[in-house]
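Me: I would like to go through the aromatic contacts of this model. Could we begin once it is displayed?
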Amino acid sequence: MAEIPQLGARGGGWVALQFVLMASIVALGLTGPSWPAPAHWWLKAAAVLLVFGGALVAVSAARALGSGFTPFPQPADTGDLVQQGPYSVVRHPVYSGGILVFAGISLALSPWSLAGTAALAVLWGLKARVEERFLMATYPGYAGYTAQVRFRLVPFVY
């Protein structure tokens with residue numbers, strides 16, 4: 001498999017792409033057709049659960065990173081290798097939580113926005129691989145961490 005491009009010195013191209021996809025998810029949700037009426041009420045309930053659950057995961061992961069939190073694949077200079085909290089379950093819980101949030105937004109708005117959410121999940125999966133190259137180069141203990149925490153984004157899915 002070919003190496004995934006870094007898209008800039010710090011990986012800024014990945015950040016730009018993710019924000020474009022986030023905006024497209026909302027735009028597709030607002031302009032696309034609504035969900036069918038019979039499914040509308042339970043989709044809204046599921047959406048609320050996904051948005052709040054995903055936000056809880058993403059915020060707790062960002063808090064665990066502290067001053068090391070950055071949207072770029074390259075780790076912040078002030079960061080440390082975090083292995084506790086949500087990082088003991090998956091290696092990229094901010095992305096995991098974000099996928100849940102955008103899946104919830106899609107369920108609340110329109111089936112069209114699910115396509116954007118799927119694309120964002122793929123993008124974050126690729127970005128995580130680029131980020132892991134940076135993390136391997138920055139933290140000597142990262143290889144051991146990946147052996148211990150095998151799941152990148154979704155528990156029980158390598």
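Me: By about how much of the helix are Y142 and Y145 separated?
Reply: Y142 and Y145 are separated by about one helical turn, because they are three residues apart in helix α5 (residues 142-148). Helices are DSSP runs of H or I with at least four residues, numbered from the N terminus. This is a predicted model, in which local features need pLDDT of at least 70, side-chain atom pairs count only at pLDDT 80 or more, and totals for chains, interfaces and linings use all residues. Residues are numbered from 1 along each chain as its sequence is written, and side-chain values use heavy atoms, with hydrogens and water left out.

Me: How many aromatic pairs does the structure hold?
Reply: There are two aromatic pairs. Rings of Phe, Tyr and Trp (its six-membered ring) pair if their centres lie within 6.5 Å; planes under 30 degrees apart count as stacked, over 60 as edge-to-face and the rest as tilted. Y95 and W124 are stacked, at 5.5 Å centre to centre with 15 degrees between the planes. Y95 belongs to helix α3 (residues 93-109) and W124 to helix α4 (residues 112-138), so this pair ties together parts 29 residues apart in sequence.

Me: Are Y95 and W124 buried or exposed?
Reply: Y95 and W124 are both buried (under 20% relative accessible area, with exposed over 50% and partly exposed in between; 1.4 Å probe, protein chains only).

Me: And what about H40: where is its place?
Reply: H40 is in helix α2 (residues 37-65), and it is partly exposed, with a relative accessible area of 30%.

Technical notes. Helices (H or I, at least four residues) and strands (E, at least two) are DSSP runs, numbered from the N terminus.
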